[in-house]
Amino acid sequence: AIQRGLLTVAKTNKTNVFNGRIMEIEGLPDLKLEQAFELTDATAERSCAGCTIALSIATVTEYLRSNVALLNNMVARGYQDERTIARRIAAMEDWLSTPRLLRADAGAVYRETLDIDLNTVTEPLLACPNDPDNIKPLSAVAGDPVQEVFIGSCMTNIGHYRAAAKVLEGVGKVKARFWVCPPTRMDEETLKQEGHYATMAAAGCRMEMPGCSLCMGNQARVEDNTTVVSTSTRNFNNRLGNGAQVYLGSAELAAACAVLGRIPTVAEYHRIVSTRIQPLAAELYRYLSFDQIPGFAHGQGDNSNHAEDATLAVAKI
């Protein structure tokens, strides 16, 4: 959009083709729901009025089956209100019996269509200080010193934390203050069981209570006038800390910044990803499928001591 003049970074006489409109995303039907959330959540920062993403019936079915198991677990443990939860379960099971998805009308007319060849994206993109519209490639900002790093917010899922832990393995103490805040307590518990919390603690990470943390800007704050790399949704002036200069990027890139104490070069980033993440991608980017946990729907199985946290996961449905 910036390249085509449909979005300008400067605030004076700003152009924003997305403002007040619905973004419809197509071409990635096999994304997991957790991955799709990253894209739909981010459209709020484009000032969109809403967003849809065209997914496959298979990927939506997988996600709803997991959530039916989660909601049944809540009922089995006496979570209130049972009738409300039961209505949600019934609605999901009705959909699962006859799957149907929103699709664009034939011949739909759009204000603009932006076609993106993902094969041309060969390096990470960051939102630069301090505007989510100020997008630049990694090569344009490499070397900038980083004092604080934050991995958290609704833009993350459990796979990001596993990948970040692999970046931290065996590197000693990180060179930037590193805040880690999984979105739910069930994510936290799983990461602990898998040993990733121990890896992060050994690297000197500050482990936050699951929730929003720095992203909200009122639960915790970075030091004044620091440079921060964050996975959160926004990097407005003074949101994370007074005078903070905040980059927004991926969890994998953020972890690399914490290790180096600066934004890596493209070559450094690719070396880290190719050696520490890509060989293990299938294992790292697994999501919590509650219907695959034996006995979970009946109040048994792993994470059984976290029924009180179920609302945190339901919030992402």
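A: A residue counts as buried when its relative accessible area is under 20%, and as exposed when that area is over 50%. The model before us is predicted. Phe 296 has a relative accessibility of 2%, and therefore counts as buried.

Q: Which residue forms an aromatic pair with Phe 296, and with what geometry?
A: Two aromatic rings are paired when their centres lie within 6.5 Å, and planes under 30 degrees apart are called stacked, whereas planes over 60 degrees apart are called edge-to-face. The structure holds two such pairs. In one of them, Phe 37 and Tyr 63 are arranged edge-to-face, with 6.0 Å centre to centre and 75° between the planes. This pair links distant parts of the chain, 26 residues apart: Phe 37 belongs to helix α1 (residues 33-42) and Tyr 63 to helix α2 (residues 57-76). Phe 296 pairs with Phe 290, and here the rings are stacked, 5.0 Å centre to centre with 25° between the planes.

Q: Are Phe 37, Tyr 63 and Phe 290 buried or exposed?
A: Phe 37 has a relative accessibility of 16% and so counts as buried. Tyr 63, at 14%, is likewise classed as buried. For Phe 290 the relative accessible area is 6%, which means that this residue is buried.

Q: How does one describe the packing of two helices?
A: Two packed helices are described by the angle between their axes together with the distance between the axes. For α1 and α2, the axes come within 10 Å and cross at roughly 105°. Helix α1 is therefore roughly perpendicular to α2.

Q: Which residues make the contact between α1 and α2?
A: On the α1 side they are Leu 33, Glu 34 and Phe 37, and on the α2 side Thr 59, Val 60 and Tyr 63. By residue class, the contact of α1 with α2 comprises four nonpolar, one polar and one charged. Phe 37 and Tyr 63, which take part in this contact, are also the partners of the edge-to-face pair.

Q: At what angle do the axes of α8 and α9 cross?
A: The axes of helix α8 (residues 251-260) and helix α9 (residues 266-277) cross at roughly 110° and come within 11 Å. These two helices are therefore roughly perpendicular to each other. Glu 252, Leu 253, Ala 256 and Leu 260 of α8 meet Glu 268, Tyr 269, Ile 272 and Ile 277 of α9. The residues of the contact of α8 with α9 divide into six nonpolar, two charged and no polar.

Q: Which peptide bonds are cis?
A: The omega angle is the value to read. The bond from Pro 129 to Asn 130 is cis, with omega near -20°, and Asn 130 lies in the loop between β3 (125-127) and β4 (135-137). A cis peptide bond also joins Gln 80 and Asp 81, with omega about 5°. Asp 81 is in the loop between α2 and α3 (82-97).

Q: What is the phi of Ser 153, and what is that of Asn 225?
A: Ser 153 is not a glycine, yet has a positive phi of about 90°. Asn 225, also not a glycine, has a positive phi of about 60°. Ser 153 lies in the loop between β5 (148-152) and α5 (158-168), and Asn 225 in the loop between β7 (206-207) and β8. With a relative accessible area of 4%, Ser 153 is buried, whereas Asn 225, at 62%, is exposed.

Notes
Residues numbered from 1 in each chain as written. Predicted model: local features only at pLDDT ≥ 70, side-chain atom pairs only at ≥ 80, totals over all residues. Heavy atoms only, no water. Axes fitted to C-alpha atoms, helices over the stretch in contact; angles between N-to-C directions. Helix = DSSP H or I, 4+ residues; strand = E, 2+ residues; numbered from the N terminus. Parallel < 35°, antiparallel > 145°, perpendicular 65-115°, else oblique. Contact = heavy atoms within 4.5 Å. Nonpolar A, V, L, I, M, F, W, Y, C, P; charged D, E, K, R; others polar. Buried < 20%, exposed > 50% of the residue type's maximum accessible area, 1.4 Å probe, protein only.
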